[in-house]
Amino acid sequence: MAVGATAINILGFVFLSHAVYSAYEHSLLPSASQPTPPSRLLPSFLDPRVNLPLDITLETLFSVLLLCVGVVLSSPELKPIQWNVWAGRLERSKEARATKEVGVGGGNPFAGVEERPGFLDIRGQRKEFARWVREGER
Amino acid sequence: MANPLLEAPSKSSPETAIDLSQQASTFITSQSSWLSAIPYPLSLFINTESQEKWQTYENLFLACLRTGDDNTAYACLESLTDRFGKGNDRVVALQGLYKEATAKNESELAEVLREYEEMLKSDPTIFSIRKRRAAVLRSMGKTSDAVTALTNLLDQSPTDAEAWSELGDLYLTQGSYDQAIFSFEEVLLIMPYSWNMQARLGEVLYLASGRTEGGDQMKILSESMRRFCRSLELCDDYLRGHYGLKLVTTRLLEVLSTSKKPQQSSSDPVRGDLAPPSVDAVKKLNELATSKLAEIVRRSNSGEKGWDGYSAAEIIAARELLDRDTQKIER
């Protein structure tokens, strides 16, 4: 998917550049400076008063469309906004609960209520660790 | 990029604790580079501070203390004290922790306790020290003193979920289920979305149901079932919740099948009592929990992507529960 989205983006960019360059080149033509007939569709204050050929207009619109689609497709995966989906991912996958920096990641935010770091029984933990080491040596 | 130095080492396995403590000396030497020796006005241009740095110091301190590497732990403690000062609540608690861990006998531990009490006499608002005092009392086996210390603490700070949880755990070790349930309900009042505490209350209720009989037992079991359901509502694929739900619905089905008639009269919606669940609903929940457990065990064992986060021991326990079930059917 990522390769396709990048290809669409590149294609859109090439078309857009081509359209812009064509418009610039067209404006240098002697015929471009002639007065334009007033538009029949647009009101006068919206009329751009340029006589750009139809193919350049179409190419611009097409390239912008391609870029829109490409940007949407190449966007990163959406993050869950439902509580249960988000929490389920934290339980399920190690990657989702990895701590990246202080306050970012780290899994269940309520784990501390059950682990109770403020009431840490360090003597018990030391004894448990010593027992684990002794069992490992045996 | 995940950083193992930032994971709190409190409940981690001994393997990770020893890994962490082995990284300690390299981390400390990497911090004391020539950059920190630059004199005052120039040092303003260099930032050696970050939250991560001090969190790492604290984690290394705890891991080293656990593995018995007291010298490295003391070095970490010194850096923390230099940075945050002797009067900082957290540093004071860490210093107490160091003294507790290195106390050689009961009398030295009693000395630490006496120091805590001295400190609290001069300033009774240091909650970290009050918590340490309760923890020391508990580890010395003076459970009733620990309960008194905790109830005093909670009288003054009734929204401290950690202290409520500790009190509930303490009551649970004493076998006072009613008080334990009350404490865990207080935790849930403060943190209603904590799915692990919902499951914890469900487990305590399930334990408490073993002591009662008849209508009361049914009421407690259905309450426990509702707690597990709530924890699953808050968290998809919660192994602990599904495990508890399966246990409690199995038990509830036995109770419902032996009881003569459904006790509809005992339900009173005004007082918050709900009617006992129907047999069909319980059966459906039991089937749901069984199928979910089987799915979790299968996907976790096959090493599917994004399913590697369950603890191995929990998966084995779930598998045993499922195996027990199939054996019963075969017989």
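This is a predicted model: local features need pLDDT of at least 70, side-chain atom pairs count only at pLDDT 80 or more; totals for chains, interfaces and linings use all residues.
How far apart do the end C-alpha atoms of residues 106-193 of chain B lie, and how much of that span is helix? The answer is 41 Å, with 82% of the span in helix and 0% in strand, where helices (H or I, at least four residues) and strands (E, at least two) are DSSP runs numbered from the N terminus.

Residues are numbered from 1 along each chain as its sequence is written, chains are lettered from A and ligands numbered from 1 in the order in which they are written, and side-chain values use heavy atoms, with hydrogens and water left out.

The span I opened with carries the UniProt feature "domain: EMC2 TPR-like", from an unreviewed entry, and annotations of this kind may be inferred rather than shown by experiment.

Turning to chain A, we find 5 helices and 0 strands. A compact globule of 138 residues would have a radius of gyration near 14 Å, whereas chain A has 31 Å; the radius is taken over C-alpha atoms, and the globule rule is 2.2 Å times the number of residues to the power 0.38. Along the principal axes, the C-alpha atoms of chain A fill a box of roughly 95 × 35 × 20 Å.

Now to the interface, where 37 residues of chain A are in contact (heavy atoms within 4.5 Å) with 57 residues of chain B. Together the two chains bury about 4300 Å², 56% of it on carbon and sulfur atoms, buried area being the accessible area (1.4 Å probe) that two parts lose on being put together, summed over both. On the side of chain A, R92(A), F119(A) and R123(A) lose the most area to chain B, together 19% of what that side buries.

The rule finds 6 salt bridges across this interface, each a side-chain nitrogen of Lys or Arg within 4 Å of a carboxyl oxygen of Asp or Glu. R116(A) and D169(B) meet in a salt bridge through their side chains, at 3.1 Å from N to O. As for the elements involved, α3 (83-92), α4 (111-115) and α5 (122-137) of chain A each give two or more residues to the side that touches chain B, and α3(A) gives the most, with 9 residues.
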